[in-house]
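Open the model in your viewer and keep the selection tool at hand. The stops below say what to select and what is there.

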Amino acid sequence: MRRVRRRALCWCVLSALASVAAAAQFDWSELPELPVAHGFGGPAVGHHNGAILLAGGANFPDRPPWEGGEKVWYDHIWVLDLESTGETAGPEPEVGAGPRWRRAGALERPLAYAACVSTAEGVLLVGGDDGFDVSREVLRLRYERGDGPGRVSVERLPSLPRATTYAAAAVSGRRVYVAAGRDSMDAADLYKAFWSLDLDDLEAGWTVHEPYPGPARIKMVAAAQSDGTVTPSEAVYLFSGEAQAAGRPTYTTEAWAFDPVGSAAGTWRPVAALPQPVAAGSAVPLGEAHVAVFSGSTGRFAHLPPEQNPLFPTTVLSYHTLTDTWTEVGDLPQGVVTTPAFLVGGDAVLVSGEIRPGVRTTSGFRGRLAPDRRTLGPLNLVFVVGYLLLLVAMGVFFSRRNRGTGDFFLAGRRVPWWAAGLSIYATQLSAITFLGAPAITFAGDWVVAPSWLMILAIAPVIVVFFLPFFRRQGVITAYEYLDRRFGLGARLFGSASFIVFQLARMAVVIYLPALALQAMTGIDVSICIVTAGVLATLYTVAGGMEAVVWTDVLQSFVLLGGLLLCLVLVVSDLGGAGTIYAAAAAAGKTTLFNWSPSATELATWSVLIGSFLLNLAPYATDQAVVQRYLTTRDERSAARGIWLNAVLSVPFAMLFLCLGTALWLYFKQRPGLLELGMQNDQTFPLFIVGRLPEGAAGLLIAGILAASMSSLDSSIHSISTALSHDFFKRFGRLRTESAELGFARTVVVGAGTVATVTALVLASFDVRSLFFFFQSLLGLLSSGVVAIFLLGVFTRRAHQTGALLGAAASTGALAWATFWTDINLYVYPMIGIGTGVFVGYLMSRLIPSPATASTVSGTATNRAP
């Protein structure tokens, strides 16, 4: 009886730990009320420098229009400083009262119904009217902080080609797009125009584009969001609007997308029609593929007198650009039109506006995304806990076989070739890749598919030219070869570049999967991070390289088995592979080749060449991978492991891409399952927790966490190896095997701690953009290291000074390509590696060779020029 009670209690505890309450799509909170008697219709509202700015607007201050009230336009500028702690509209601040609205100057003249967008340099007011004349002016409001209360400055930008009011505007990249519709106070005087202004080249003025399709109209809703291609570009979307027919307003549900770049640049294409008109509503982009549309007039009651019109709808609609679908995702606290929506720290904000014809509001609202938290059932939790305990047990088991540094660093060279191959594959198949690979074809087409074929192409290069050097010279790290070929400087540069980059990378490979796991399970991101960091460090420090390899093998079977299960389920749900292919082909998602010569598009030539060069870095120079070549019995076994990895990579990569295409159709048919504002690489996790049977989902979730741990254990173990051999042992600091082993284990613990703490910092503080920028800077070194290895393996005349100068030139060229050009990422290695090899070889010919030139040679070196 006690056993039954204990089991029941354990099951209740697991259920309590696993259950997470669902949340609404938006969690709305009220902003401070505007300190005026009536709100404003058509105000210009936006966010700049930590403050919300509101300028102009119109209302009926004395009585409503159906009682003969007169409409008044305003020039007032109001500020809500979100960083303030006590400002109010009154003469005396209320200490601790929080931010309050205050007057902060005025425009040169009254203005309302201007198109309005927020940019990094300020809030733009485009066109508008004062009740008598329609404006061509474009103004920029900036909030400037000083010792006292901040002030608002007003700056003129280039005027529009033609006056417009009730226009729509959106920002895509560094360009503002405006859809114009009316240039007089006559409601029937409509026209069509579409313009853009480059914020980095204001002197060039406005560019005239092809007008938007359909009838001329006003009160359109505009937003810019990802256009559904693999390249990072946006489309400008126009929704709904109010046109004129026979002297009466008509309301449309049509929607269009304008492509600013790419093969279809400058053209319009139709997208899914809205479920209802949203004239004079507002919109913001969310996540990577959603546009949230707030309220809007349906025109249903336009024929009624103003006093009989009900409140405007509170409906919030969501448009998903990739599946081209609409979904209703909740309600506003209050329906409101003729006021722009904008983002503040990722939250949607609406201030003032009209709540019914002739009636304004002084209220404002801030909506924070609160995605649904899924429930991790008790059976799933059992599988997760059991899997993690198994990994720790494996570390304890292999610790008994660690009798020296040969066991700890190279697993005693007793790893079978097939296990080494699976370990290489698992090292490259991180949790980020597992979750993100299907997102490629979910979001776009198959143009990147040929890139995986280059793993097959790189395998013979590694086996024939690189593997002999690593195996026959008895090295422990890849960078020992550089010491023997060039000298100590090259070795230290290569090893230090690897160590620093891995230290930065480790935090990311824990943090990003932890975010996905939190979305999948509801478990706090910090718990996921600490679990992965602590357990990976424990079994690595205990079991060494052998534990790392065999946990990789287990992870490979779990993840690949889970992939196959998910593919079978989604194909079955959709009615077969033929149905999926037909739908994908009709949507243009099966494109495999792009023969464009452009370096900015994902063209096939750049994908193939760039992928080949990109694969040189991990397979030829990365200690985490090279170390696995050294764990087998002999060179032949290592070669077989390399080939196994290559043979596995291609078909399973194609299956990942197939799954992404299938998930696109799955969620296109079920758009309500997509969480508002989600990232594209969350679609696979969403399917796992929503479709897989309990138990199978838990095992795959555990596998994803284990994949994160696998990436971490590979990094911390290889860092330990590199630091021990390339620095401390190389300079005679570790004189005994026991000292070396103790130091290596200490480094494992230290590196695991650094990775875990850094990931927690990423999760707790808003430093992600700075950290990822720092990581991108470190990534600039990778091509230089590859260039040094290529110079070492394929030439005899290159020397250390020339090779290091080539690496420096490679870093500079790659920095230029990354930060100052629009070329796609597959061209980067061509520039970086090409520059490094060319400059390195040229400098080696021009600069006299040092007297201590290396005599290391081999098959490749003997054939080299």
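**Salt bridges, then a helix pair**

Select R145: its relative accessibility is 36%, so R145 counts as partly exposed (buried means under 20% relative accessible area, exposed over 50%, partly exposed in between, with a 1.4 Å probe and protein chains only). This is a predicted model, in which local features need pLDDT of at least 70 and side-chain atom pairs count only at pLDDT 80 or more, while totals for chains, interfaces and linings use all residues. Residues are numbered from 1 along each chain as its sequence is written, and side-chain values use heavy atoms, with hydrogens and water left out.

A salt bridge here is a side-chain nitrogen of Lys or Arg within 4 Å of a carboxyl oxygen of Asp or Glu. E83 sits in the loop between β6 (76-81) and β7 (101-106), and R145 in the loop between β10 (138-144) and β11 (151-157), so the pair ties together parts that are 62 residues apart in sequence. E83 has 56% relative accessibility and therefore counts as exposed. Helices (H or I, at least four residues) and strands (E, at least two) are DSSP runs, numbered from the N terminus.

Next, select E635 and R472, whose side chains meet in a salt bridge (3.0 Å, N to O). E635 belongs to helix α13 and R472 to helix α6 (residues 453-472), so this pair ties together parts that are 163 residues apart in sequence. E635 is partly exposed, at 21%, whereas R472 is exposed, at 59%.

Move to R491 and D483. Their side chains form a salt bridge (3.1 Å, N to O), and both residues are buried. Then select R401, D407, R414 and E546, which salt bridges with shared partners join into one network. The whole structure holds 29 salt bridges.

For the last stop, show helix α4 (residues 417-428) with helix α13 (residues 635-669). How do the two axes cross? They come within 7 Å and cross at roughly 45°. Axes are lines fitted to C-alpha atoms, for helices over the stretch in contact, and angles run from 0 to 180 degrees between N-to-C directions. The helices α4 and α13 are therefore oblique to each other (under 35 degrees is roughly parallel, over 145 roughly antiparallel, 65 to 115 roughly perpendicular, the rest oblique).

Within α4, select the residues that meet α13, including W417, W418 and Y425; their partners in α13 include F652 and F656. Contact means heavy atoms within 4.5 Å.
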